[in-house]
Amino acid sequence: MTHTLLSPLDMHLHLRDEAMLKCVAPLSAQSFSAALVMPNLVPPITTIEALLDYKKRITEAIGNETFEPLMTLFFRSDYTRDFLEKAALHVKALKLYPSGITTNSEGGVATMDIEILRPVLEAMSDLGLILCVHGETNGFVMDREKEFCTIYESLASAFPHLKIVMEHITTKESVALLDKYENLYATITLHHLLITLDDVAGGMLKPHLFCKPIAKGYEDREALLHVSLHAHPKVMFGSDSAPHPIDKKECCGCAAGVFTSPIALQALVELFHKHHALANFQAFVSNNAQVIYAYKPPLKEVVLVKIPYVVPHSYGNVVPMFANETLAWSIERVI
Ligand code: DOR
Ligand code: ZN
């Protein structure tokens, strides 16, 4: 049995820099047609010069593969309209992090006060730039995303023409917002479709499944599965594949992030097949994002086949999700 995907897209990806970039970028480029690249480097991408330099390093790292890195800028509340006009020639989206909320987000916004964010958000709205948001408060870890929903609601109402992507949603409350506000969209990761907090911490602690936002409960996962398997037109696949070296994961003070890019399509096709939802797979991993981002990706055909695939223990010094385990599907060929 085979299943063919056209131009799969990963609308939330961490490629890092230097040796890690060289290790992980080709893995995404092998199976995806394009990806929205996160700007949380150290220091974050806040200038056009840094953005173009980073894009060049990514392009060099992927070699001859057909793959387009869609760049993002790290949101700052002090950007000028003039700067954003220039940036809009190179990016489709800005990524907003509340300061300190996750890996390398220290330079994020200190406040979500709409009046402080207004000039930048108004300019973005006028320029058609998309706002991607890491939506968590600094409250109790299991409630952070739920608490952020009121902020999503204020943003969506205050800037009705601004497209807002709730990144890597993990709760039923975030799912419910999709049908309440026309301008709210979401990415959903592979790992949040598969695991709950039980898988992370219910038995022996699994550092390679620790991420932000932390995986939630069964009802939340059900809500994510529902909109993904039905390919709700406002959701798109975004892996949030976030590689960290093994010594930063298997240690005291484990970094947040699950590395999924090389196994994402194989695991997703298994999931969609299991739920008799293969007819919606193409929309979830490509077509919805093309509409939301008004983007036509380079053509790539990925043929998946129901032949077992043993996931390697590691790629360089990064351990992927399902390391050493066998998935039911493999990538047969990419054209
Ligand atoms: O788990 C995560 N890892 N969540 C994020 O928001 C950031 C990411 C990273 O950059 O490592
Ligand atoms: Zn991320």
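In this predicted model, ligand 1 is surrounded by 14 residues. The closest of these are R16, N40, K212, H244 and A256. The ligand sits in the largest cavity.

Polar side chains approach the oxygen atoms of ligand 1 at several positions. For R16, a polar side-chain atom lies 2.7 Å from an oxygen atom of the ligand. The side chain of T102 places an N or O atom 3.1 Å from a ligand oxygen, and for H14 the corresponding separation between a side-chain N or O atom and an oxygen of ligand 1 is 3.4 Å. Taken alone, ligand 1 exposes 290 Å², and 100% of that area is buried by the protein.

The relative accessible area of Q282 is 17%. Because the threshold for a buried residue is under 20%, Q282 is classed as buried. With neighbours within four places in sequence left aside, the contacts of Q282 are T4, L5, L6 and N287. One of these residues, N287, also forms a polar contact with Q282, in which the two side chains are joined at 3.0 Å.

Note on methods
Residues are numbered from 1 along each chain as its sequence is written. Chains are lettered from A and ligands numbered from 1 in the order in which they are written. This is a predicted model: local features need pLDDT of at least 70, side-chain atom pairs count only at pLDDT 80 or more; totals for chains, interfaces and linings use all residues. Side-chain values use heavy atoms; hydrogens and water are left out. Buried means under 20% relative accessible area, exposed over 50%, partly exposed in between (1.4 Å probe, protein chains only). A polar contact is a pair of N or O atoms within 3.5 Å; within protein, one must be able to donate a hydrogen and the other to accept it, and residues adjacent in sequence count only if both atoms are side-chain atoms. Contact means heavy atoms within 4.5 Å. A residue is near a molecule or strand if one of its heavy atoms lies within 4 Å of it. Accessible areas come from the Shrake-Rupley method with a 1.4 Å probe; for residues, only the protein chains shown count as cover. On a 1 Å grid over the protein atoms alone, a cavity is a set of points where a 1.4 Å probe fits but cannot get out, and a pocket is an open set with protein on both sides within 12 Å along at least five of seven lines; lining residues have an atom within 4 Å of a point. A molecule sits in a cavity or pocket if more than half of its atoms lie within 2 Å of its grid points.
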